[in-house]
Amino acid sequence: LSPLPPELSQLVNSFNATLDRVEQAYSRLESFNADVAHELRSPLTNLIGQTQVALTRGRSAEHYFEVLQSNLEELERLRSIINDMLFLASADQGSKATKLIECSLADEVATTLDYLDFILEDAQVQVRVDGDALVQIEKAHLRRALINLLSNAVQHTAPGQIIDVHIQVQEKQVAIGVTNPGDAIASEHLPRLFERFYRVDASRSNSGANHGLGLAIVKAIALMHGGDVFVRSEGGGNTFGITLPI
């Protein structure tokens, strides 16, 4: 910038910012390819290993049944990853929520909690809901986003604790925040938590329970409705949520 006349500085700043965005996009793409390979390799390795062991010698029908049952779980995981990636690819191409119906957000949260009843009971976690608003939503998509947000909160909440769902009207939009008690998340991670396959724990210790696309799908659904996502880590709680236009 220094040798340029002042009237060109704004143009050069814009050009440099564009180059920065391109570089970041390439970096994300390289990371994404590595993450996809990792997530697909694990279940495939399990499938191949279990099948090879089963074929080394004659087994009982009961043993073959157990192997098939285990393989089915890995195949279901593969299908889930592929379906989520296809959904995100569709969202990237500009898909919008079209089957909009005016609904109560509190009612949608209640329906989602009924669906997750066994998971909440097994985790020994309770959920409190406050607030409500009427918005135009595509029910299936919003419920998927709520399931992902609540599942993420349950996964990081200790037994006996309470998750709070806040529905708050803010000018021309409504915010749905899901707060779970837990350790603070370092500030450098917050802007990236809704990226695909991004994990605070780089060791992927929870990879078996979560393939890392849940929050990315939440963001895609929010954008499909003309909204956005947000995350906060403060006061002993971590809040993940979405905003929707009223």
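Predicted model: local features only at pLDDT ≥ 70, side-chain atom pairs only at ≥ 80, totals over all residues.

Colleague: Which element holds His38, and how far is His38 from His211 in space?

Modeller: His38 lies in helix 1, which covers residues 6-54. Along the sequence, His38 and His211 are 173 residues apart. In space, C-alpha to C-alpha, the separation of His38 and His211 is 9.9 Å.

Colleague: Let's step back to the whole chain. How many helices and strands does the chain have?

Modeller: Read along the sequence, the pattern is α-α-β-α-α-β-β-α-β-β-α-β-β. The C-alpha atoms fill a box of roughly 80 × 50 × 40 Å along the principal axes. Of the 246 residues, 37% count as buried. The secondary structure comes to 6 helices and 7 strands.

Colleague: Now for strand 5. How many of its 9 residues are buried?

Modeller: Strand 5 spans residues 173-181 and is mostly covered. A residue counts as buried under 20% relative accessible area. In strand 5, the number of buried residues is 7.

Colleague: How many bridges join strand 5 to strand 7?

Modeller: Let me take the partners in turn. Strand 4 (residues 162-170) pairs with strand 5 in the antiparallel sense over 7 bridges. Strand 7 (residues 237-245) also runs antiparallel to strand 5, and the count of bridges joining strand 5 to strand 7 is 9.

Colleague: Which residue in strand 7 stands opposite Ala175?

Modeller: Ala175 belongs to strand 5 and has Gln168 opposite. Towards strand 7, the residue opposite Ala175 is Thr243.

Colleague: What phi does Glu171 take in the hairpin of strand 4 and strand 5?

Modeller: That hairpin has 2 residues between the strands. Glu171 takes a positive phi there, near 55°.

Colleague: One last stop, the surface charge. Which helix gives the largest share of the negative patch?

Modeller: The patch gathers Asp114, Asp117, Glu121 and Asp122 on the surface. Glu121 has 56% relative accessibility, so this residue counts as exposed. Glu121 also lies in helix 4. The largest share of the patch, 3 residues, comes from residues 117-123, that is, helix 4.

Conventions. Residues numbered from 1 in each chain as written. Heavy atoms only, no water. Patch = residues over 30% accessible without salt bridge, like charges linked within 9 Å, V, L, I, M, F, W, Y side chains within 5 Å. Areas by Shrake-Rupley, 256 points an atom, 1.4 Å probe, with all protein chains shown as cover. Salt bridge = Lys/Arg side-chain N within 4 Å of Asp/Glu carboxyl O. Lys, Arg positive; Asp, Glu negative; His and termini not counted. Charge placed at Lys NZ, Arg CZ, Asp CG, Glu CD. Helix = DSSP H or I, 4+ residues; strand = E, 2+ residues; numbered from the N terminus. Buried < 20%, exposed > 50% of the residue type's maximum accessible area, 1.4 Å probe, protein only. Pairing = 2+ DSSP bridges.
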